[in-house]
Amino acid sequence: MAIDGRYVGRGESGPKGPCHPSILERLEPRVMLNGVTLITHGHNSDSEGWVSDMADAIADRVNGDVAGYTLLLHEGPGDKPNAYSLMPDGITQTYDRVDSGEAIIKIDWSSMTDGLAEFDTSTLDVGYYVADWLADRDFAEMPIHLIGHSRGASVNSAIAERLAEYGIWVD
């Protein structure tokens with residue numbers, strides 16, 4: 001650890017030899033979770049419960065000045081998503097109308113996660129579908145953040161992978 005240009009080892013004090021200051025590049029200023037945040041539930045769950053609580057906690061961080069949505073995915077042939085419904089949480093709170101520009105999207109793929117024994121839907125298919133949907137919208141031009149639990153984290157990994165193929169960065 002460097003203190004005043006001196007190296008101090010763990011449990012020791014005083015000079016330990018020359019210490020060269022690190023060259024650090026200053027990052028652009030940013031607000032944590034600014035942009036669009038996707039929150040994805042896991043197996044045998046839905047967008048209620050912890051997903052809604054997480055969305056509320058993020059919204060509280062900016063005094064409720066966020067646009068909230070639920071992206072409800074519908075299962076099609078081959079256990080793959082083939083349609084969606086995007087439902088705003090508030091009619092007037094859309095991302096282009098809030099001062100913060102912040103959007104929170106709760107991904108609900110619960111129609112494909114029913115049952116404990118049967119699970120034929122690939123999280124890769126779900127993630128790619130969401131990424132393809134996202135890439136065609138203004139949301140893809142905002143900083144993107146992913147939060148997920150269990151298989152929701154796997155869906156998010158697929159989203160990040162697919163967005164990378166499009167050249168879209170995920171924070």
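The following paragraphs lead through a predicted protein model, from its overall organisation to selected residues.

Residues are numbered from 1 along each chain as its sequence is written, and side-chain values use heavy atoms, with hydrogens and water left out. Because the model is predicted, local features need a pLDDT of at least 70 and side-chain atom pairs count only at pLDDT 80 or more, whereas totals for chains, interfaces and linings use all residues.

The confidence of the prediction is expressed as pLDDT, the predictor's confidence in each residue on a scale from 0 to 100. The protein chain averages a pLDDT of 80, and 76% of its residues score at least 70. Among the elements of the chain, helix α3 (residues 151-165) has the highest mean pLDDT, 95, while strand β1 (residues 2-3) has the lowest, 45. Over residues 1-8 the pLDDT is below 50, and this stretch has 16 contacts in the model beyond near neighbours in sequence; a contact means heavy atoms within 4.5 Å.

The protein chain contains three helices and seven strands. These elements are DSSP runs numbered from the N terminus, with helices being H or I runs of at least four residues and strands being E runs of at least two. Along the sequence, their order is β-β-β-α-β-β-β-α-β-α. Of the contacts in the protein chain with a separation of 6 or more, 72% are between residues 24 or more positions apart. Of the 171 residues, 38% count as buried. Here buried means under 20% relative accessible area, exposed means over 50%, and partly exposed lies in between, using a 1.4 Å probe and protein chains only.

The packing of two helices can be described in some detail. Helix α2 (residues 123-135) and α3 pack at an angle of about 45°, with their axes 7 Å apart. This angle makes α2 oblique to α3. The axes are lines fitted to C-alpha atoms, for helices over the stretch in contact, and the angles run from 0 to 180 degrees between N-to-C directions. Angles under 35 degrees count as roughly parallel, those over 145 as roughly antiparallel, those from 65 to 115 as roughly perpendicular, and the rest as oblique. The crossing of α2 past α3 is right-handed; a crossing is left-handed if the near helix is turned anticlockwise from the far one by less than a right angle, and right-handed if clockwise. On the α2 side the contact includes Leu 124, Tyr 128 and Leu 134, and on the α3 side it includes Val 155, Ile 159 and Arg 162. The residues of this contact divide into 11 nonpolar, three polar and five charged. In this division, Ala, Val, Leu, Ile, Met, Phe, Trp, Tyr, Cys and Pro count as nonpolar, Asp, Glu, Lys and Arg as charged, and the others, Gly among them, as polar.

Thr 37 is found in strand β3 (residues 36-40) and counts as buried because its relative accessibility is 0%. Leaving aside neighbours within four places in sequence, Thr 37 is in contact with Ile 58, Glu 102, Ala 103, Ile 104, Ile 105, His 145 and Ile 147. Ile 58 itself lies in helix α1 and is buried, with 4% relative accessibility. The C-alpha atoms of Ile 58 and Ala 103 are separated by 9.8 Å, although these residues are 45 residues apart along the chain. Met 54 is also found in helix α1 (residues 50-61), but Met 54 counts as partly exposed because its relative accessibility is 30%. Apart from neighbours within four places in sequence, Met 54 contacts Ile 39 and Ile 147. Met 54 and Ile 39 are 15 residues apart in sequence and 7.9 Å apart in space, C-alpha to C-alpha.

Val 98 lies in the loop between β5 (81-88) and β6 (102-108) and is buried, with a relative accessible area of 7%. Not counting residues up to four places away in sequence, Val 98 touches Asp 65, Val 66, Ala 67 and Gln 93.

Most residues other than glycine have a negative phi. Asp 79, in the loop between β4 (66-75) and β5, has a positive phi of about 60° although it is not a glycine. Ser 150, in the loop between β7 (144-148) and α3, likewise is not a glycine and has a positive phi of about 55°. Asp 79 is partly exposed, with a relative accessible area of 28%, and Ser 150 is partly exposed, with a relative accessible area of 45%.
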